[in-house]
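This briefing is about one protein chain. Look over its sequence and its model, then read the points below, which are grouped by topic.

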Amino acid sequence: MSGKGEKSSGRKSNLEPEPQVNPYADILTCLRDAFNSGRTRPAEFRVSQLCGLSRFLKENRKLLLDALTQDLNKPASEADISEIVLCEGEVKLALNNLHTWMKDEQVEKNLATQMDSAFIRKEPYGVALIIAPWNYPLNLVLVPLVGAIAAGNCVVLKPSEISKGMEKVIAEVLPQYLDKNCFTTVVGGPQEATILLKNKFDYIFFTGSPRVGQIVMSAASKHLTPLTLELGGKNPCYVDDNCDLQNVANRVAWFRFLNAGQTCVAPDYVLCSRETQEKLLPALQRAVTQFYGQDPQNSPDLARIINDKHFHRLQGLLGNGRAAIGGQSDEQERYIAPTVLVDVKETDPVMQEEIFGPILPIFNVQSIDEAIAFIRKREKPLALYAFSNDSKVVNKVLDQTSSGSFGGNDGFMFMTMTSMPFGGVGHSGMGTYHGKFTFDTFSHRRGCLLSSPHLEMFKKIRYPPYSPRHRKLMVWLLEHKLGFPCSIL
Ligand code: NAD
């Protein structure tokens, strides 16, 4: 099932029904009824839907690769490692661990509740909304969806209208693998999303820009809906004087230019001394030539910019500072060469806005302390990187800054690890996901205490009229625990 906000067309006749103010009301009623019926709760249902996702990925591999080529000219290797394989891994992990994740968690009790049963139940929120961006248009829809399904929710998916190839696959092909009464896709852009957000959801999972994140959070606040915000920003990358510069150059270049730089966790700018910059530049040039050849425009391994708007924005940024590497662009192909800018000013747009393209400015600092002060003066980033042969330097950057994730001597390999929570902090977002963390995000942790309806003689000491003896006993019961588990329920 998929829906789109309908515009009214011309004058109404008397027989015409009133225009539908909320075109998503029916979809949401259907999902809410399905959730309230309890069908998403049994583990068997969740397993069957996760298996559906697994089959979707397996049976439509070519279709998915074609959609990623259409949207971003994403090289097949990058599509595999950053989209399809990561999604498959998440589905497999959820299938292997679902029963353990779903289990009630027994908790410690005091003596006053010793004979009761105390546990945390992982309860689905209900109807969740997942809004995704265009840069990893499969991964950023499916990875949250895996956790939402595993946790027992119904879901409305809102893929990006900008990655049109993948939007079509998610709206038209994915539903064939899922229960249509519980999972649906809404297509459209800001206009449709605005109307959609007027509806009450039980959880909202948003990935996108901080600007739209604010709009989504404000819409969620109208219904007091809990939400996760996976946002973006500028990710600093400190390069120490004491480094194996070719290793640094290879790693920074690959993580910056992967997906043509359109990655939320990509190193956004380098902070280093002028002396290190002079040695780093030839190493970066060697890395670019080795990865993409003499003319990167002919390389099959470099993606393209998503649309004309972003192409022109990036073309504008090429004029900041001086292009020491690259700097070329081709509007027809939406090609921007892997570029390194030097002599940039703090006030240049390239040092102010999230770049989200294959452009890497280098900003000079005199010392690690100056680099740390530079980072701390700005919003907390989604990711932060430090490169040095001296682990004390890496640890100093780690200890004295804050960011969603941190990479020492490498790029964003942490994104491939389901054992780690991923998410921003402050301006780069709130909440985490990946692996079990996604299941936890889409689950309400309900504290439950089940008491016997009998045994009133043990409970009576709580009630008035209060006496010093009962008071003392009650305080003692609250303060003490048995050293071993015990319950009569
Ligand atoms: P965006 O914020 O413009 O759009 C994201 C989604 O929000 C899209 O589905 C879009 O249709 C919808 N949207 C747009 N306007 C809206 C509105 N007014 N109300 C409700 N929904 C609206 O972001 P984008 O351009 O698609 O993606 C790029 C941004 O996403 C970058 O800032 C990047 O850093 C960030 N990002 C973050 C992560 C992460 O995991 N933290 C991952 C990928 C991208």
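**Salt bridges**

Asp80 and Arg61 pair through their side chains in a salt bridge, with N and O 2.6 Å apart. The model is a predicted one, and the structure holds 24 salt bridges.

- Side chains of opposite charge can pair when their charged atoms come close.
- Asp80 counts as partly exposed because its relative accessible area is 24%, between the cut-offs of 20% and 50%.
- Arg61 is partly exposed too, at 30% relative accessibility.
- Lys481 makes a salt bridge with Glu108, and their closest N and O atoms are 3.6 Å apart.
- This second pair links distant parts of the chain: Lys481 sits in the segment after H16, Glu108 sits in the loop between strand S2 (105-106) and strand S3 (117-124), and the two are 373 residues apart.
- Glu108 counts as exposed because its relative accessibility is 66%, and exposed means over 50%.
- Another salt bridge joins the side chains of Asp116 and Lys459, at 3.6 Å from N to O.
- Asp116 is in the loop between S2 and S3, while Lys459 is in helix H15, 343 residues apart from it.
- Asp116 and Lys459 are both buried.
- A network of salt bridges links Arg274, Glu278, Arg322 and Asp343.

- The domain assignment divides the protein chain into domain 1 (25-231 + 433-444) and domain 2 (236-423).
- Taken over C-alpha atoms, the centres of domain 1 and domain 2 are 31 Å apart.
- Domain 1 puts 22 residues into the contact, and domain 2 puts in 25 residues.
- About 2,000 Å² is buried between domain 1 and domain 2, and 58% of this area is on carbon and sulfur atoms.
- Of the area that domain 1 buries against domain 2, 26% comes from Glu78, Trp134 and His434, more than from any other three residues.
- How many salt bridges cross the interface of domain 1 and domain 2? The rule finds zero salt bridges there.
- Seven residue pairs are in polar contact across the interface of domain 1 and domain 2.
- On the side of domain 1 that touches domain 2, the elements giving two or more residues are helix H3 (61-72), helix H4 (76-102) and helix H14 (436-441).
- H4 gives the most to that side of domain 1, with five residues.
- Sorted by class, the side of domain 1 that touches domain 2 has 11 nonpolar, five polar and six charged residues.

- Asn135 lies in the loop between strand S4 (127-131) and helix H5 (139-150).
- Is Asn135 buried or exposed? Asn135 counts as buried because its relative accessibility is 3%, and buried means under 20%.
- Leaving aside residues up to four places away in sequence, Asn135 touches Leu72, Lys74, Glu83, Leu140, Asn259, Gln262, Thr263, Cys264 and Phe356.
- Asn135 and Ile305 are 170 residues apart in sequence, yet their C-alpha atoms are 9.6 Å apart in space.

**Backbone exceptions**

- Most residues other than glycine have a negative phi, and most peptide bonds are trans.
- Ala260 is not a glycine, but its phi is positive, near 50 degrees.
- Ala260 is in the loop between helix H9 (245-257) and strand S10 (269-272).
- Ala260 counts as buried because its relative accessibility is 1%, under the cut-off of 20%.
- Leu455, which is not a glycine either, has a positive phi of about 55 degrees.
- Where is Leu455 found? Leu455 lies in the loop between strand S19 (443-450) and H15.
- Leu455 is partly exposed, with a relative accessible area of 30%.
- Pro464 and Pro465 are joined by a cis peptide bond, with omega about 0 degrees.
- Pro465 is in the loop between helix H15 (456-459) and helix H16 (468-479).

Definitions and conventions: Residues are numbered from 1 along each chain as its sequence is written. This is a predicted model: local features need pLDDT of at least 70, side-chain atom pairs count only at pLDDT 80 or more; totals for chains, interfaces and linings use all residues. Side-chain values use heavy atoms; hydrogens and water are left out. Domain bounds come from an automatic or database domain assignment. Contact means heavy atoms within 4.5 Å. Buried area is the accessible area (1.4 Å probe) that two parts lose on being put together, summed over both. A salt bridge is a side-chain nitrogen of Lys or Arg within 4 Å of a carboxyl oxygen of Asp or Glu. A polar contact is a pair of N or O atoms within 3.5 Å; within protein, one must be able to donate a hydrogen and the other to accept it, and residues adjacent in sequence count only if both atoms are side-chain atoms. Helices (H or I, at least four residues) and strands (E, at least two) are DSSP runs, numbered from the N terminus. Ala, Val, Leu, Ile, Met, Phe, Trp, Tyr, Cys and Pro count as nonpolar, Asp, Glu, Lys and Arg as charged, and the others, Gly among them, as polar. Buried means under 20% relative accessible area, exposed over 50%, partly exposed in between (1.4 Å probe, protein chains only).
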